[in-house]
Amino acid sequence: MINIAILSAKGGTGKTTLAIALAHQYALANPDREVVLVDADNQGNVAISLDLRGENSLGAYLYRATDTLDLIQYRPEISFHVVESGRMHLYEAEKRIHLDENPVAYMKERLMGEFDSRALLIWDLPPTLSIINDNVLYLADYIVIPTHTDYLSLTGISNLLAYLEHFRSSQGVRPKLLGIAITLHREHVTQNRINRKSLEAAFPDLLFRSVIPLSTAIATAAQNHQTPLESPDTRARESYRSLVKEIHQRMISHQEAHG
Ligand SMILES: Nc1ncnc2c1ncn2[C@@H]1O[C@H](COP(=O)(O)OP(=O)(O)O)[C@@H](O)[C@H]1O
Ligand SMILES: [Mg+2]
């Protein structure tokens, strides 16, 4: 099983959009592998965007309101599955997790048996530093950080890297940070360009080369219940495809280096 966490300590950085694109592209490239997009954010944006509904959500399962978990297939011809967040259930489950003996390992111990041992799981995370984020980092193999190229997003990255360092030293686990992805960029805006260059200078090995441009089609994809790969904007679609390829390439390189 491989677990990829889409993490950022800020809202609106493109986590959900990237998580959906990643799930879609992976499902196309790996038809014989179970690809599951798990919505761990109680905003429930994955199911809202893709217009999916299921009873047995992540929240309901963790809250023990149910002992089955629904894996909802996106479309008959596009074979990734979604686990809905369950919104209020997830919010309530979070309180329950806090009361557990080992809160950070709650999901790893109680949930992971529900998935195929060869599954690829993509975790869409909430923007807050929370016990849910801790749980996912505890079970994650890889992390991808999406960001915009505005000032607050850049400062958000430093906060996030500090949190990751703190998490690693306190929990003794080391999910591999694959990289930082620019998920909304306006090259014609001077400040965006400058900030992109600062990111390149600060994180030369972490920053992915593929950059997602600002795109009206991507902005309306959720409303139209489409994944970014189904959007009519060829340039945006291609930039997501190439970003997913880079993410995959880095994962393979890491696996080859570490067995
Ligand atoms: N490249 C893009 N161009 C235009 N709008 C985008 C782009 N990427 C994301 N968005 C929009 O920005 C908003 C936030 O994106 P989202 O993926 O929901 O972020 P997060 O999950 O981090 O809160 C959404 O309305 C989304 O449709
Ligand atoms: Mg989101």
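## Conventions

Two residues are in contact if their C-beta atoms, placed from the backbone, lie within 7 Å. This is a predicted model, in which local features need pLDDT of at least 70 and side-chain atom pairs count only at pLDDT 80 or more, while totals for chains, interfaces and linings use all residues. Residues are numbered from 1 along each chain as its sequence is written, and chains are lettered from A and ligands numbered from 1 in the order in which they are written.

## The loop at Ala221

By that contact criterion, and not counting residues up to four places away in sequence, Ala221 touches Gln226, Thr227, Pro228 and Ser231. Ala221 is placed in the loop between helix 9 (216-219) and helix 10; helices are DSSP runs (H or I, at least four residues) numbered from the N terminus.

Ala221 counts as buried because it has 24 C-beta neighbours inside 10 Å. The term buried requires 20 or more other C-beta atoms within 10 Å of a residue's own, and exposed requires 12 or fewer.

## Helix 4

Helix 4 (residues 88-99) has 12 residues and spans 18 Å from its first C-alpha to its last, close to the expected 16 Å; the expected span is 1.5 Å times one less than the number of residues.

His89, Leu90, Ala93, Glu94 and Ile97 are the buried residues of helix 4. They lie on the same side of helix 4, because they cover an arc of only 145° around the axis, taken from the directions from the helix axis to the C-beta atoms. The face turned away from this buried side carries the exposed residues Lys95, His98 and Leu99. Packing partners of the buried residues are helix 3 (58-62), helix 5 (106-110) and helix 6 (131-139).

## Helix packing

Helix 4 and helix 6 pack at about 70°, with their axes 10 Å apart. Helix 4 is therefore roughly perpendicular to helix 6, a term for angles of 65 to 115 degrees. Axes are lines fitted to C-alpha atoms over the stretch in contact, and angles run from 0 to 180 degrees between N-to-C directions. Glu94, Ile97 and His98 in helix 4 meet Ile131, Ile132 and Asn135 in helix 6.

The axes of helix 1 (residues 15-29) and helix 10 (residues 234-258) come within 10 Å and cross at roughly 75°, which means that helix 1 is roughly perpendicular to helix 10. Here Ala21, Leu22 and Gln25 in helix 1 meet Tyr240, Arg241, Val244 and Ile247 in helix 10.

Terms used:
Helix = DSSP H or I, 4+ residues; strand = E, 2+ residues; numbered from the N terminus. Parallel < 35°, antiparallel > 145°, perpendicular 65-115°, else oblique.
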